[in-house]
Amino acid sequence: MLSLAAVSAGYGTFRALFDVSLEVPQGEAVGVIGPNGAGKTTLMRVISGLVPLRGGAMTFEGRAVGGLPAHRMVEQGIAHVPENRRLFPRLTVEDNLRIGAFIPQARAHFAEQLDRVYALFPRLKDRREQFAGTLSGGEQQMCAIGRALMSRPRLLLMDEPSAGLAPLVVEQVFELVRRIRADGLTVLIVEQNVQQVLDVVDRAYLLEVGSIKLAGTSAELKGNDFIRKSYMGL
Amino acid sequence: MDIYLLEAVINGVLFGGVLALLALGLNLIFGVIDVVWIAYADLVMCGMYVIYWLHVEFGWPLPLACALALVAVAGLGVLVHVLIIAPILGSPPINQLLATGGLLFFLQSFATLLFGTEFRNLGIRLPIIELADIYISTARLLAFAMALAGAVALYFFLRRTFIGTAIRAIAQDRDIVGLMGIDQRRIYIVTSAIGGALAGLAACLLALQYDVHPFIGNTFGPLIFIICVLGGLGDMIGGFAAAFIMAQIISIGGYYSSTELSYVFAFVFFIVLMFVRPRGVLVR
């Protein structure tokens with residue numbers, strides 16, 4: 001569904017990604033793990049068009065999408081739940097969700113999709129008139145995921161959805177990822193929480209200093225000595 | 001209460017309406033695009049000339065002339081953005097300030113060149129209403145009602161539409177809106193058109209009360225600017241409230257002394273408040 005071939009990218013003279021190749025097949029959940037500063041967030045931002053491609057190629061559902069600006073990527077069917085959620089703090093929960101449905105093809109289905117998101121996150125419905133900035137961390141993550149779902153994407157990018165959340169809430173967030181997958185959505189998820197993300201995804205890539213170091217099914221990676229030692233503390 | 005004082009208070013409220021409308025426009029543009037249009041009041045002047053020429057020289061009916069002026073100034077707002085603001089969006093704020101300041105001199109000089117410095121008026125005198133010994137000008141009453149209607153329309157546009165919600169969102173986090181499928185450049189153009197349209201509406205309302213001349217913008221420009229700063233730049237509700245505060249100071253001050261001195265009171269009040277509440281009257 002999404003395919004990256006030898007993608008490189010960076011900021012100014014700094015190169016953050018070197019020849020990254022990656023496949024996300026339709027209907028699967030794929031994880032990207034790695035330490036802080038490995039380029040995981042840059043990778044997500046390249047896919048969603050926030051950071052321009054410097055080299056390589058990117059295709060989505062067979063179309064070349066490398067170099068499209070972010071607002072065009074949403075129209076292609078890719079939604080991005082950004083790092084630190086980035087809700088609009090002084091907009092209500094419902095306005096945040098409304099913004100998610102900005103693109104014309106989503107606007108036409110706004111009411112119906114809003115019902116679906118509220119069914120998935122009943123807590124958001126209770127707090128629909130509240131400013132998003134007043135929500136708890138877990139609720140904010142729900143709102144950010146809901147906002148992304150409002151554009152009716154076929155691929156959902158999630159950047160560190162568990163960051164800054166209490167362990168119990170992290171558990172809930174991963175449970176949500178399972179439910180979203182069960183709905184048939186393809187998911188690409190970036191996480192530092194290696195143990196838990198490998199329980200959710202089908203396959204994963206290890207990104208270190210801007211390059212893919214390892215790739216495999218989650219079972220393979222869970223059994224890999226290097227991963228167990230360096231990332232799971234086993 | 002003294003009946004003349006009451007009249008001054010009522011006139012202050014009516015005057016505040018148009019100022020509030022212009023403060024909304026300037027704050028909207030600042031909040032969304034992060035640029036101060038120093039020449040904002042001169043867009044109003046352009047609109048007043050459009051009305052004057054269409055109505056007096058070409059004999060168009062006034063409502064039609066006003067409608068076209070509103071559209072023309074909205075278009076001028078878009079032009080200002082595309083030709084002047086967009087190319088320097090990434091420049092330091094002082095450059096942007098100088099560029100829109102340059103536009104002010106350009107528009108004033110251009111109007112002088114085209115129309116000369118003479119004062120022109122529409123030749124329309126709306127009746128004065130007398131209500132229990134208080135005299136109220138219909139033109140002011142109409143201006144107040146229309147300004148309020150414009151503000152309410154803007155409120156519902158910002159609250160209820162997808163584009164309006166996007167405009168409020170972009171003012172809070174401009175880097176992330178692309179992820180929602182929003183093209184920043186398009187929102188900036190829509191915002192500039194709305195800002196222009198508000199100036200155009202103000203032109204319609206002021207043309208009924210004031211003569212047009214190339215420097216009419218100077219009567220309101222500095223005032224609107226300090227109103228916006230007083231309310232907290234970019235804070236639309238604060239600016240709206242500050243417009244009525246300033247209008248009262250000018251109106252009541254004018255009643256106790258003279259109109260000229262009342263502007264001195266207004267600016268002194270502004271300077272004092274800048275020391276006491278530098279981030280705006282309503283900021284807690």
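What share of the contacts in chain A with a separation of 6 or more comes from residues 24 or more positions apart? The share is 68%, where a contact means that the C-beta atoms of two residues, placed from the backbone, lie within 7 Å.

## Model and numbering

This is a predicted model, in which local features need pLDDT of at least 70 and side-chain atom pairs count only at pLDDT 80 or more, while totals for chains, interfaces and linings use all residues. Residues are numbered from 1 along each chain as its sequence is written, and chains are lettered from A and ligands numbered from 1 in the order in which they are written.

## Chain A overall

Chain A has 11 helices and 10 strands. Helices (H or I, at least four residues) and strands (E, at least two) are DSSP runs, numbered from the N terminus. The C-alpha trace of chain A spans about 45 × 40 × 35 Å along its principal axes. Its radius of gyration is 17 Å, in agreement with the value near 17 Å for a compact globule of 234 residues; the radius is taken over C-alpha atoms, and the globule rule is 2.2 Å times the number of residues to the power 0.38.

Of the 234 residues of chain A, 47% count as buried. A residue is buried if 20 or more other C-beta atoms lie within 10 Å of its own, exposed if 12 or fewer, and partly exposed in between, with C-beta atoms placed from the backbone.

## The four-stranded sheet

An open sheet in chain A has four strands in the order β2-β1-β4-β5, with antiparallel pairing. Strands β2 (14–24) and β5 of chain A are at the edges and have a single partner strand each, so one side of each lacks a neighbour in the sheet. Two strands pair if DSSP finds at least two bridges between them. Strand β1 (residues 2–11) and strand β4 (residues 55–60) of chain A are joined by five bridges, and Leu4(A) is opposite Met58(A) in β4(A).

β4(A) is also joined to strand β5 (residues 63–64) of chain A, by two bridges, and Thr59(A) has Ala64(A) in β5(A) as its bridge partner. These two strands form a hairpin with two residues between them, and Glu61(A) in the turn has a positive phi of about 50°. Helix α1 (residues 40–47) of chain A lies across β1 and β2 of chain A, at about 65° to β2(A); axes are lines fitted to C-alpha atoms, for helices over the stretch in contact, and angles run from 0 to 180 degrees between N-to-C directions.

## Strand β9 and its partners

Five of the six residues of strand β9 (residues 203–208) of chain A are buried. On one pairing, strand β3 (residues 29–33) of chain A runs parallel to β9(A) over four bridges, with Val32(A) partnered by Tyr205(A).

Strand β10 (residues 211–217) of chain A is antiparallel to β9(A), with six bridges between them, and Arg203(A) stands opposite Thr217(A). Two residues separate the strands of this hairpin, where Val209(A) takes a positive phi near 35°.

## Chain B

In the contact between the chains, 14 residues of chain B meet 23 residues of chain A. The chain B side divides into seven nonpolar, four polar and three charged residues. Here Ala, Val, Leu, Ile, Met, Phe, Trp, Tyr, Cys and Pro count as nonpolar, Asp, Glu, Lys and Arg as charged, and the others, Gly among them, as polar.
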